[in-house]
Amino acid sequence: MSTVGNSTNIFWQESPVGKLERQKLLKQKGCVVWITGLSGSGKSTLACSLSRELYTRGKLSYVLDGDNLRHGLTRILVSKAEDRTENIRRVGEVAKLFADAGLICIASLISPYRKDRDACRAMLPDANFVEVFMNMPLELCEERDSKDLYKLARAGKIKGFTGIDDTYEPPFNCEIEINQKDGICPTPGAMAGEVVSYLEEKGYLQDQ
């Protein structure tokens, strides 16, 4: 077995129960659904609705929400570019483990930089990474801002806020893009239904 990183005494320990066996037990295929978009675009709303819809179908998922993760896994990281990269890398590694366990991992993070999201995609074997872009107008996201974060950013009280004084890089080739239709946002159920339909089509919800 190859070593990892700079250490010479760390080896990968294989489990006696493999990924395919875990997927057969759960009757689904492990993957990562990565929801990206501006603050206020509806990422958490979609993540929760999708998790509930999968549960009603007897499918096991787990939501990795960016705000929740800052209570623990990414607590010491701030808003500098290098910290944002490390934040996404950590979440990507955890999401990879959930997918390897056979779960449908729903990661809901702004994840503003394309290279960081692409790095997470590259962690997953067999293209088991489904990128969902919440493509909502900045004006709408600001209207939904119950925490007044955009107001604070525009007032200069928050620095490096995505969409105001820091860049959001939209995906080039995401699997799913969710937009307003005739100026109206789709309902949480409709958004979740679109993602579930994709997962069904690609075989993630079928017995393995």
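Which residues is Leu46 in contact with, leaving aside its neighbours within four places in sequence? The close-ups below start there; keep in mind that this is a predicted model.

**View 1. Leu46 and its contacts.** Once the neighbours within four places in sequence are left aside, Leu46 is in contact with Ile35, Val132, Met134, Ile178, Met191, Ala192 and Val195. Leu46 is also among the residues with the most contacts inside the largest nonpolar core, along with Val33, Leu50, Val132 and Leu199.

**View 2. The largest nonpolar core, zoomed out from Leu46.** This core has 32 residues. At least two of its residues come from each of these strands: E1 (31–36), E3 (104–108), E4 (129–134) and E5 (176–178). The helices H2 (43–56), H6 (138–143), H7 (149–154) and H8 (188–201) likewise each supply at least two. H8 gives the most, with six residues. Apart from this core lies another one, of 14 residues, with Trp34, Ala99, Cys105 and Phe129 among them. As a bit of background, nonpolar side chains in soluble globular proteins tend to be buried together.

View 3. Look for Thr162 in the loop between H7 and E5. Who's around it? Not counting residues up to four places away in sequence, Thr162 touches Leu38, Arg84, Ile110, Pro112, Tyr150, Thr167 and Tyr168.

**View 4. Tyr62 and Phe98, a stacked pair.** The structure holds four aromatic pairs, and here's one of them. The ring centres of Tyr62 and Phe98 are 5.1 Å apart and the planes sit at 5°, so this pair is stacked.

View 5. Helix H4 (residues 81–100) gives the most to the lining, with four residues. Sorted by class, the lining has four charged and three nonpolar residues, and no polar ones.

Terms used. Residues are numbered from 1 along each chain as its sequence is written. This is a predicted model: local features need pLDDT of at least 70, side-chain atom pairs count only at pLDDT 80 or more; totals for chains, interfaces and linings use all residues. Side-chain values use heavy atoms; hydrogens and water are left out. A nonpolar core is a set of buried Ala, Val, Leu, Ile, Met, Phe, Trp, Tyr and Cys residues joined through side-chain atoms within 4.5 Å. Buried means under 20% relative accessible area, exposed over 50%, partly exposed in between (1.4 Å probe, protein chains only). Contact means heavy atoms within 4.5 Å. Ala, Val, Leu, Ile, Met, Phe, Trp, Tyr, Cys and Pro count as nonpolar, Asp, Glu, Lys and Arg as charged, and the others, Gly among them, as polar. Rings of Phe, Tyr and Trp (its six-membered ring) pair if their centres lie within 6.5 Å; planes under 30 degrees apart count as stacked, over 60 as edge-to-face and the rest as tilted.
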